[in-house]
Amino acid sequence: MVVREKILDLVVSCFKRHGAMGMDTPAFELKEMLTEKYGEGSGLMYDLKDQGGELLSLRYDLTVPFARYLAMNKVKKMKRYHVGKVWRRESPTIVQGRYREFCQCDFDIAGQFDPMIPDAECLKIMCEILNGLQLGDFLIKVNDRRIVDGMFAVCGVPESKFSTICSSIDKLDKMAWKDVRHEMVAKKGLAPEVADRIGDYVQCHGGVSLVEQMFQDPRLSQNKQALEGLGDLKLLFEYLTLFGIAEKISFDLSLARGLDYYTGVIYEAVLLHTPTQAGAEPLSVGSVAAGGRYDGLVGMFDPKGHKVPCVGLSIGVERIFNIVEQRMKTFGEKVRTTETQVLVATPHKNFLQERLKLIAELWDAGIKAEMLYKNNPKLLTQLHYCESTGIPLVVIVGEQELKEGVVKIRSVASREEVAIKRENLVAEIQKRLSES
């Protein structure tokens, strides 16, 4: 929890720095609100058994509930963040940080704005968070849903197969092209020559020069949708250059994002493993953040179909928790699980009352303090407790101290002790804590 809270604090403070307000929604939604929004993911939803009321499902992500909220409350403009749990009936793979219940951290901008300005800010936020977490080198792959659909169209994929072929392409970060090709041809009935045409495109990735190159592509440049997507990406790269993050971004034609609701720019951040041999391409450790533009989702919930354009991102904190914990194990880093600053101790018997009075005074001054729950604990036991839990200071009261109206403050690390007046105790502790 200590590691998690630290990571979440960093993420949320970045969201707040960009002007987002916090929000929460119920853990469950009406089942019909969630179905048909996720493509092949719908089978992974947890349904709550009908108890004579409406059919409900646990939320699968934080985006669909956000869209439902905007539509229900007729909100046309909002910048919000949401940290909460979501549930998916996947087979858990602990190694990759995939669980059935996991935490998501989302940031979204809803509203009608000039093209690519909010989209560029979302990518900037991703960069700030990944830099702040110091996870090592990363890359953000960017594509556009209209380019994906345009590519499918010019390659000869029948429109009825767009969605299912899209979720095959989405597996390219986990599977080799030949296996994805096999799935598309053998399992999904795509013609082999169509698959090969797709193959020529999805193996392309580069910077803004690749965007220019695709404008010249004999097939792709004939497609109106693809041209719109390429035009937006060109503008996006201009803004990313001004934000100083263009070198972190790669235009990648294999990026498809399997969710059905994306309509424009899509992106995914991956951590790069430093390659062992020189000259090799850095390996990706998997996605740690992703998002995109979904301009039609709110309209699906509105009886009149009023659209509210949206763009957003989700930080894969569960995977990040996993990576950080692995690192700490590797480097043998120890983390304090509590924040106690002072232990109130005594070397003598029958001093419980004095310890209780002292500790109440510390608590009331806002100092984090503990004592052992025994009438007559041994001094050594009390000092050991400090060492094992990382408590930096001990306040000691015994017969001598009581007589003289003082208490002793002991530093656990240096073992130095000083006697100070009882009435100066709080001030002295606060002074020491502010110096450390």
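Hi everyone, let's start with the second largest pocket: helix H1 is the biggest contributor to its lining, with 5 residues. Helices here are DSSP runs of H or I, at least four residues, numbered from the N terminus. Before going on, this is a predicted model, where local features need pLDDT of at least 70 and side-chain atom pairs pLDDT 80 or more, while totals for chains, interfaces and linings use all residues. Residues are numbered from 1 along each chain as its sequence is written, and side-chain values use heavy atoms, with hydrogens and water left out.

Back to that pocket. H1 (2-17) and H12 (317-330) each supply at least two residues of the lining. There are 15 lining residues, and Val-3, Lys-6, Val-324, Met-328 and Glu-333 lie nearest the centre. By class, 10 are nonpolar, 2 polar and 3 charged, with Asp, Glu, Lys and Arg counted as charged and Gly as polar. The pocket holds about 420 Å³ of space, a volume being the space filled by probe spheres set on the grid points.

What about cavities? On a 1 Å grid, a 1.4 Å probe fits in a cavity but cannot get out, whereas a pocket is open, with protein on both sides within 12 Å along at least five of seven lines; lining means an atom within 4 Å of a point. Lining the largest cavity are Leu-70, Ala-71, Lys-74, Val-75, Lys-76, Val-298, Asp-302, His-306 and Val-308, which split into 5 nonpolar, 1 polar and 3 charged.

Now the domains. The assignment gives domain 1 (1-331) and domain 2 (342-435), and their C-alpha centres are 53 Å apart.

Last, a helix pair. H6 (162-169) and H7 (177-187) pack at about 160°, axes 9 Å apart, with angles running from 0 to 180 degrees between N-to-C directions. H6 and H7 are therefore roughly antiparallel, the word for angles over 145 degrees.

How values were computed
Domains from an automatic or database assignment. Parallel < 35°, antiparallel > 145°, perpendicular 65-115°, else oblique.
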